[in-house]
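Welcome to this guided tour. Open your viewer, keep the selection tool ready, and follow along one stop after another.

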Amino acid sequence: MGKKRILVMADRLAVYAIERQNGFERHQPPDGSPWSERRRFWTDAILQGMARLEGLTPDPEWMEQFDQRLEGARECSATETLPPREQAALIRSLGRYISALETAGGDRRRQIAVVGDMLEDMAMHLPWAGADNGLDLARDGAERALRRMTAQMPIRFTRILLGGDDGPHWASGFVPGAVTDTEALRQTPVYQEAVQKYPEVVDWPALCTVYVGCSLPFALGTVDASDFDLEIMNRAGDSFLEEPSIRWLCGPYQMIVPGAQMQSQDRPAPFQMGPTM
C-alpha cells in the first residue's frame, strides 16, 4: 500500500466524515457513543492497521489533520463530498485492506470488523447506499472474510434447534462449548430467549449438534467459542456450517425441555410462616 496510499485513504475518509457531519446523521442509540466519535475511531484504526501492514509507524499527524479538517468544515456553508467515482475508489481500497489482513496471518478479525463497521455506516448514508460504488460487494466481502477466519479458529460450539416439525414456533442459534443435556440447554440464551418470546409453548423439542473449527477431527486443543466468535457465527446463521474448516464432532442430541409455563410450575411455592401461639 505504501505511505502515499495511506494518505489518500486518510483524505477520502476525512471527506466522508465531513459529509456525514454536515449532512443527515444516523439515529443515535441512547446508550452508545456519538457516530462522529465512532467514525473517528474507525478511521484511526484503519490508518494504523494499514501502516503496520506496510511496516510503517503510524503518524499522529494523520488524525490531527483529520480533526482539523472536520473542525474547519463546521464553519463552511458548502459541504465537501465524494463523487461516486471517488466513493468507489475508497471502497475498493477498503476491500483490498480486508484481503491483506486476511492473508497476513494471525487473528486480525477485529481489524476487519472495524472496516465492516465503516462500510455498514456508509450503507446507512443514502447518497452512498444508492450509488454504483461497489458498497454491497465490499460489505459482503468483509462478512465472508470474518466467517472464513472464524471457522479456521480452534473453537468448539453447539448448534441448537428448538421446535418440532409441526411448529408453530422455532428458534435456533450457536452457543459456546458442548451442549448435550437438558440442564445445559436450559442455561443457553437460545432457550431462554425462546421461552420469553413464546411463553405459551409447553414443551420444546430440541436438537443439539456439536462442532469444532480449524478442520480438527476432535475437541482436543479447542476452546469454547467466544462472544466475538458467536456474534459472527449467529449473523451468518446455518450457512456458517458450510465453511470448509468446520467439522462435526458429535450429535445431534435429541431432547425435550419444558417451556415457560412448566418452568413456573416446577418452582417450589414460597415458604409461608403460619400463625404462632
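**Stop 1: a threonine in a loop**

Select Thr 188 first. With a relative accessible area of 5%, Thr 188 is buried (buried means under 20% relative accessible area, exposed over 50%, and partly exposed in between, using a 1.4 Å probe and protein chains only). Thr 188 sits in the loop between α8 (182-186) and α9 (189-197). Helices here are DSSP runs of H or I with at least four residues, strands are runs of E with at least two, and both are numbered from the N terminus. Now show the neighbours: leaving aside residues up to four places away in sequence, Thr 188 touches Ile 160, Val 175 and Val 179. A contact means heavy atoms within 4.5 Å.

**Before you go on: what kind of model is this?**

This is a predicted model, in which local features need pLDDT of at least 70 and side-chain atom pairs count only at pLDDT 80 or more, while totals for chains, interfaces and linings use all residues. Residues are numbered from 1 along each chain as its sequence is written, and side-chain values use heavy atoms, with hydrogens and water left out.

Colour the model by pLDDT, the predictor's confidence in each residue, from 0 to 100. The protein has a mean pLDDT of 91, and 93% of its residues reach 70 or more. Residues 269-277 have a pLDDT below 50, and beyond near neighbours in sequence this stretch has zero contacts in the model.

**Stop 2: strand β1 and its partners**

Select β1 (155-162). Six of the eight residues of β1 are buried, so look for a mostly covered strand. Which strands does β1 pair with in the antiparallel sense? One is β3, over seven bridges, and another is β2, over six bridges. With β4 (residues 223-224), β1 runs parallel, joined by two bridges. Two strands pair if DSSP finds at least two bridges between them.

Zoom in on Arg 156: it stands opposite Val 212 in β3 and opposite Asp 224 in β4. Then move to Arg 159, which stands opposite Phe 174 in β2.

**Stop 3: aromatic rings**

How many aromatic pairs does a search of the whole structure find? It finds seven. Rings of Phe, Tyr and Trp (its six-membered ring) pair if their centres lie within 6.5 Å; planes under 30 degrees apart count as stacked, over 60 as edge-to-face and the rest as tilted.

Select Phe 157 and Tyr 211: the ring centres are 5.9 Å apart and the planes lie at 20°, so this pair is stacked. Phe 157 belongs to β1 and Tyr 211 to β3 (residues 203-212), so the pair ties together parts that are 54 residues apart in sequence. Both Phe 157 and Tyr 211 are buried.

**Stop 4: helix α10**

Select α10 (residues 227-236), where Phe 228, Asp 229, Leu 230, Ile 232, Met 233 and Ala 236 are buried. The buried residues of α10 pack against α5 (109-123), α7 (135-151), β1 and β2 (171-176). Show Arg 110 too: it lies over the face of Phe 228, at 4.1 Å from the ring centre. A charge sits over a ring if NZ of Lys or CZ of Arg is within 6 Å of the ring centre and within 35 degrees of the ring normal.

**Stop 5: the largest nonpolar core**

Nonpolar side chains in soluble globular proteins tend to be buried together. A nonpolar core is a set of buried Ala, Val, Leu, Ile, Met, Phe, Trp, Tyr and Cys residues joined through side-chain atoms within 4.5 Å. The largest one here has 44 residues, and Ile 46, Leu 90, Leu 94, Leu 119 and Met 122 touch the most other members. Its largest share, nine residues, comes from α1.

Most residues other than glycine have a negative phi, and most peptide bonds are trans. Select Cys 214, which has a positive phi of about 65° although it is not a glycine. Ser 215 also has a positive phi, of about 60°. Finish at Gly 251 and Pro 252, joined by a cis peptide bond with omega of about 10°.
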